[in-house]
Structures are given as structure tokens and as C-alpha cells.
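Here is a friendly walk through one chain and its neighbour. Have the viewer open as you read, and take each part in turn.

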Amino acid sequence: MLRTLNLPRRPKALARRCLLYLALICSALIFVVPILWMYSLSLRPVPEIFKYVVPLCVKTFIPETWTLSGYGKVLFQSPFPRFMMNSAFVAIVTATLSVAVNSLAAYAFARIRFPGANLLFFLLLLTIMLPFEVIAIPLYLVVKTLGWVDTYQVLIFPLVANAFFVFLLRQFFMEIPRDLEDAARIDGCSHLGIFWRVVLPLSKPALITLWLMSFQTSWDAFIWPLIATNSPSVRVIQVAIANLATQDVVLWDEVFSAVALGALPPILIFIMFQRYYVRGITMTGLKG
Amino acid sequence: MEIGQALRKRRILGISKLRLHDYINGYLFIAPALLGILIFGVVPLVYALYISFHDYHILKPQMQYVGLKNYNALLEDSVFRKSIVNTSYYALLQVSLQTIVALGLALLIQRKVKGLALFRAAFYLPVVISVVVASTLWRIIYASEGGLLNSILLSLGLPRQPLLLSTTQAIPALAIMMTWKWVGFSMLIFLAGLQAIPEDYYEAAQMDGASGWRSFLHITLPLLRRPGLYVVATSTINAYKLFTPIYVITQGGPEQSTTTTIFYIFRTAFRWYNMGSASAMAFVFLLILVVLTAFQFTIFRSEVEY
């Protein structure tokens, strides 16, 4: 055991090493235990949900009686599956469109020479800092005149174009050696052809990273869907959870099952594609 | 290389047709992104400025020009002022806490530890759950009766705390919750920064007899300025935008102690339908953010370059 952990033999260094692992494990527990607790609450019958919180004991964290009744109610006796499908549909379409639209623009800024490119790119960068919350009210008035309230497109389109993504992808494309494209161009390949056949395949990891970031942003979006939609037919999961949790009489078994289900897709995707999340950070070029 | 040069030559000689082709392609490629940002970003921003000079209730179709009336009214609005104080206090607490904890965690896992990926994933896990989910969860953790935190305090022999029910504890409690939620992201940025510092800097310092603490102070910290600026600037903006936990948990209470600016703007717009006033607030809010961000950039830049 000690050997596998690479522990040093000198007592002082050994003590420091142990202290380091102790600190690491304790801090990791702070981040993980609340989420596990959330899942443990979702697996209890109603009378037991808050029964064992005080005083602190094993039953606080591990249900005495295990049940899926909360999940049953949410999945089979409420429109919740519809809300989950709405969220998934909106997030997948948004992320896909976002990667397509922003990578096209990034390619143009990285590779094509046209008048005003620098100015346009600079103006684009200015909008990165603009908080969505500031423009949400007039945006609502705009989409209302368009008759877009309570539609899928109102949830999708405002989140597609993203100046930050254009910036990141442009950086990424500029690092791809030009020789490859020159060869393709000699063969009579158009810009679209080069973009599709040379640049995109070489940028797969970056594109996956941005797709995941965009999916996450769309899945988590709350303020905009709260404002722009009202009808249950296009309601997304975050709004549905907030509605459940802010009712006058809160049905906690349903709330925790809904919350547990709503958190599941992002957690699973994160576990599967972990390295792309880390990559996303290093991609921003903030290495020091 | 030679092929590239030959190609460039041909482009210059073949000229206008090829170049025109480039221009058209360039504009077509950027058109969707540019249009999106124009329609869903720039147009609403200009429209917001326009509305802020008008009396505009969503239920009354008529918009009336009132000049600076909405802005003047804000000076008298004690709740708006309180919302800015609340938000700034929250941002100060939350950003400091998040930056310090993120740096601490990054330093912890930066050493060659076994299971780095596992620890990193654990710290990052709350980042991937949504703010609505985190808020619902922490509402129960913070509950004064039957909450997990109070249960832990009691088991340690400490007195029960009112937390979100108290005008003084609510904002710090929210700052801790949001730090828990977001710190993993800042931690990754610091970690990338730490891993980019060349090992020989430390070896040289050690040869000169510098202690661990001194090399942290004179090598690590100065070289973390860029990631540090990024962490502070982005988390300040995020902190100022605090809305969702207020909507899900406190509804601005108790006694307006957690009414943040964005929450107040939304109540003005969508409960009282006063779009003119809400737009004026949004602009004051934007101005505060711009000034703050510019200020942070100057501070981080003005320090001695290494």
C-alpha cells in the first residue's frame, strides 16, 4: 500500500506526504458528498427524506428504506420526460449549430483575406464581455414582435453565435500548418473544401470541446428560457425544476428525483469526456 | 514552402478574379456568426439604450420619450442602491474566496500525486451540475431546521445558525455555495498556469538557498498573473450577474438583504412591467461592470513585468 503511493522513507517527508493526501481527500469530499447526498435523498420514501438529517448519523447519508417512487412519479405521472427531451433537443441543436457557425467564421478570420476583416474581428471581440442579462429584456421584446415566444427557435438561436468561440477557434486554426492547405488549393480545392476536408478533421478535439461547452451552457440555461417561454410544450428542465422547487407546497420526493435526473446527463457526459473539459481550459492559452 | 510561394505568385498574377472570390468567401463564411451576434446582441443593446430614455410599460402599447427621467429616478431608488451594495458585497466575498480556494486546490494537486485525474474530477464535479440544481440542493443544506450544515454544526457542539434566514449571514452563505459550485473551473486555469512554469526556475531558486515559501512568493505568484487576472475578471462578472440562486432560494429576502441588481432588474421588468426603468438599470449595471473590469486590468498590468 505504502509503496504503491510512492511514499518517501524519511519520516518527516512521509508525514508531509500523508498530510497532503489527507488534505486532498478532505477537500474532494466537500465537493462530492453534497451531490451524493442529493442522490441519496432522491432514493427515499417521502416521510424519510428529512427524518435523519438531524442528528448526524449514518442514516443521514444512506437511506434506511430504498425506493424509486419519486422517480416513478416524475417519469410516469408528470410531463417531466417531455421537459428532459426539450432540454436535450435544444442543447444538441444549439451546440451543433454553434460549432458549425463559429468555426466557419473562425476559418475566415484565420485564413481568408478580405477587406475589413481586422475591424470586424475587433468589433466581435468587444461583444465577448457583454453579459446576456443586460440585453435579455430588449431581446425578449424583439422576439415577442417576431412572434417567437414559446418556440424552440427562441431557445436555440440567441445562443448559437459566440464571439468567444470564434476567437478560440481562430487561434486554433492559425496553428495548423499552411502547407497542407496550399497543396489542397493547388488541386483546385475551394475554401469550403479546404475547411471541410483539411481544417475540420485536424481540429476534431477542439470542436468536440466547444460542442461540449455549448451543450452544457444550453442545458444549464435558466434566465432566458424562464423569460422567453411559458408553455409546457417547450419548457426546459431547469425551468421545470425551479417551478417544482418554488411551489407553495413543495413535493420534495419529486423535486429530488427531478434534480437527480436533471444533473445526470451533464455528469455522465463529463465523466465520459473528461479530458476535453481540461483541454478547453488549456485551449484558452492561459498558460502563464 | 515552394508550392506555397508559387501559389501566392499565381494569386497575385491571376489577380482580381481570385481575390474577389476570396472576398466573397470571407464575407459568406462570417455572415452567420456576425448576423447572430448582430441580431441577438448588438440590436438588443441599442434597443435597450433607446428604451431606457422612454416610459414603457409592456401592457401599455405607447412608448413615450422622457429623457433622463428613468436614470434620475434610479438616484432616488433606495432598493436599487441597496441591490448594488448587496451585489458588490457578495462579489467581493465570492471572488476572493473563489480565487484563494482555487489557487490552494491547484497547488495541492499540482504536486506529483497519485490519482490526480480523480481529484481533479472531484473538484470539477459541481461545475457540471446546473445552478438551478445546485441552488435546490443547497437550499436543503442551508435549511435552518433539518438542514445538513446545521446538523454538522450541532454534531460538532456548535450552535445552530439561521444562515439564509438572517440578513447578515445570507450573502456570505450564498458566496460559499457559489464558490463550491464554480471553484473547480478557476482551479483548472491555475493548474494550467502552474504546469507551464519551467521546473528549472525552482531548481535555480533552491540552489540559491531560497525557501519553498520564498520561491512561491517570487516565482509562482508573479508567473500566475495572467491566469490570475483571467480568474478574477471572469468571476467578478459572474458574481455581479447573480440571479438564479436568488430566484430559486431567497426571492431577495430577508428584508431585501439578498436582492441583487439583476434580480431587481428582472422584477422591475417582468413583475412590474416597467421596461424603461429596467433598461436604465441594465445600463448602469453594464457601466459598473466595464469600469470594474478596466480597473482590474490596470491593476494587474501596472505591476512590475517579469
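Predicted model: local features only at pLDDT ≥ 70, side-chain atom pairs only at ≥ 80, totals over all residues.

**Inside chain B**

Chain B holds 14 helices and 2 strands. Of its 306 residues, 40% are buried. If you look at contacts in chain B between residues at least 6 apart in sequence, 68% of them join residues at least 24 apart.

The chain is divided into domain 1, covering 2–52, and domain 2, covering 71–302. Their centres, taken over C-alpha atoms, are separated by 38 Å. Where the two domains of chain B touch, domain 1 supplies 4 residues and domain 2 supplies 6 residues. On the domain 1 side of that contact there are 3 nonpolar residues, 1 polar residue and no charged ones.

**Where chain B meets chain A**

The contact between the chains takes 81 residues from chain B and 84 residues from chain A. Which helix of chain B gives the most to this side? That is helix 2 (residues 16–52), with 20 residues. By class, the side of chain B that touches chain A has 61 nonpolar, 15 polar and 5 charged residues.

B:Pro32 lies in helix 2 of chain B. Leaving aside its neighbours within four places in sequence, B:Pro32 is in contact with A:Val101 and A:Leu104.

**Two residues to look up**

| Residue | C-beta neighbours inside 10 Å | Class |
|---|---|---|
| B:Pro32 | 17 neighbours | partly exposed |
| B:Gly157 | 6 neighbours | exposed |

Why does B:Gly157 count as exposed? The reason is its count of C-beta neighbours: B:Gly157 has 6 inside 10 Å, and a residue is exposed if that number is 12 or fewer. B:Pro32 counts as partly exposed because it has 17 such neighbours inside 10 Å, while a residue needs 20 or more to be buried.

To find B:Gly157 in the viewer, go to the loop between helix 7 (148–155) and helix 8 (170–195) of chain B. From there you can look across to B:Ser186: the two residues are 29 apart in sequence, and 34 Å lie between their C-alpha atoms.

Note on methods
Residues numbered from 1 in each chain as written. Chains lettered and ligands numbered in written order. Domains from an automatic or database assignment. Contact = placed C-beta atoms within 7 Å. Nonpolar A, V, L, I, M, F, W, Y, C, P; charged D, E, K, R; others polar. Helix = DSSP H or I, 4+ residues; strand = E, 2+ residues; numbered from the N terminus.
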